[in-house]
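Hello,

Here is the structure I promised to pass on.

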Amino acid sequence: MRQSTPILWVVQACLIWLTLVSASPTISHDNLVSDADSDSDVSALQTRDTKPFPLRILPLGASITMGYKSKDGNGYRKWLRQQLRYAGWEVDMIGTMKNGTMHDNDHDGHIGWRIDQITSHVKQIIPQQPNLILLNAGTNDALQNYKVDTAGERMDSLLTYLFDNIPNTTIILSTLTFNGKKPQLGTDISTQYLELAAKRRARKERLVVADMSTFIQWKQLVDKIHPTAAGYEEMASVWWAAIQEAEKEGLLQAPTSTTKNNTAFSKAREKELDDSTADPRLPAYTAPPQPTIKRINSSKGSSLSHQWHLWAVAFQILTCIDFSYV
């Protein structure tokens with residue numbers, strides 16, 4: 001058998017190279033420019049690659065959700081949105097109302113509304129298909145002493161309606177901020193929320209609790225009900241911690257495309273909605289563990305509602321005392 005010589009190897013390599021070059025398509029400068037322009041157009045329509053999908057957020061509740069008593073009318077919403085944008089999320093806040101100086105100021109916070117009134121209204125929101133709902137409701141039920149014993153049941157019905165009609169949504173359920181006018185009733189409602197949340201989480205539903213009941217201090221309320229600017233900023237911290245928990249648990253899902261809301265964001269749309277994407281430096285907050293049936297049941301034997309109320313009130317009073325000495 002004849003062996004190949006080094007010269008033959010070189011000749012064969014040259015022939016292969018010439019064959020490949022002749023078979024390759026010719027790329028003109030015009031084509032390169034066209035491709036670059038095309039890539040630029042595509043990148044302007046692509047979502048940011050830091051998060052897999054945008055958050056279409058529905059802030060749902062009453063006057064605190066609206067941002068009542070805040071000077072800019074934004075309440076917690078602007079702080080939270082900026083934190084989400086800083087973390088890489090694309091955000092579109094939705095709702096049937098607008099309030100505040102922020103660009104993306106849609107929401108569904110209605111002054112004076114109770115749980116039943118919000119439930120009657122939410123059918124108008126269903127077509128927008130939010131994939132994240134921030135639900136803070138029940139303060140007016142406490143203030144009006146309206147069927148407080150069934151607040152948990154009525155909230156449970158509202159959650160069922162939302163989950164049934166918005167399949168891809170995740171709900172962050174807030175306990176109530178401290179209520180200086182009807183503290184016991186507010187605490188009773190929050191306790192009911194923790195119990196229903198524990199049951200739903202045991203069924204692996206996409207629900208996370210945002211515990212507002214102790215972090216927002218008594219002295220951070222303007223009128224014993226609505227937060228000050230600092231209080232709203234702290235609310236944003238609590239929401240943010242709950243959203244992080246939802247992401248960690250894999251509960252967040254991409255939103256459903258609708259005739260009004262598309263899942264894709266353009267750079268122009270981002271610029272239109274953004275006020276800032278800088279770090280808002282929210283107040284530090286460590287969230288308590290999510291409620292479980294075991295934890296709730298173990299607390300019931302020692303009167304959970306009563307003990308929680310005493311602890312919450314004591315905490316709020318202590319934060320108002322100045323322990324400095326003259």
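This is a predicted model: local features need pLDDT of at least 70, side-chain atom pairs count only at pLDDT 80 or more; totals for chains, interfaces and linings use all residues.

Residues are numbered from 1 along each chain as its sequence is written, and side-chain values use heavy atoms, with hydrogens and water left out.

Strand β6 covers residues 170–174 (strands are DSSP runs of E, at least two residues, and helices runs of H or I, at least four, numbered from the N terminus). Because 5 of its 5 residues are buried, β6 is largely enclosed by the rest of the structure (buried means under 20% relative accessible area with a 1.4 Å probe, protein chains only). Thr170, Ile172 and Ser174 lie on one side, Ile171 and Leu173 on the other.

β6 runs parallel to β5 (residues 132–136), joined by 4 bridges, and Leu134 has Ile172 as its bridge partner. Another 4 bridges join β6 to the parallel β7 (residues 207–210), where Ser174 partners Ala210. Strands pair if DSSP finds at least two bridges between them.

Leu134 and Ile172 come up again in the largest nonpolar core, of 35 residues: they are among those touching the most other members, as are Leu80, Leu84 and Trp239. Such a core is a set of buried Ala, Val, Leu, Ile, Met, Phe, Trp, Tyr and Cys residues joined through side-chain atoms within 4.5 Å. Helix α9 gives the most to this core, with 10 residues.

Best wishes

Key. Buried means under 20% relative accessible area, exposed over 50%, partly exposed in between (1.4 Å probe, protein chains only).
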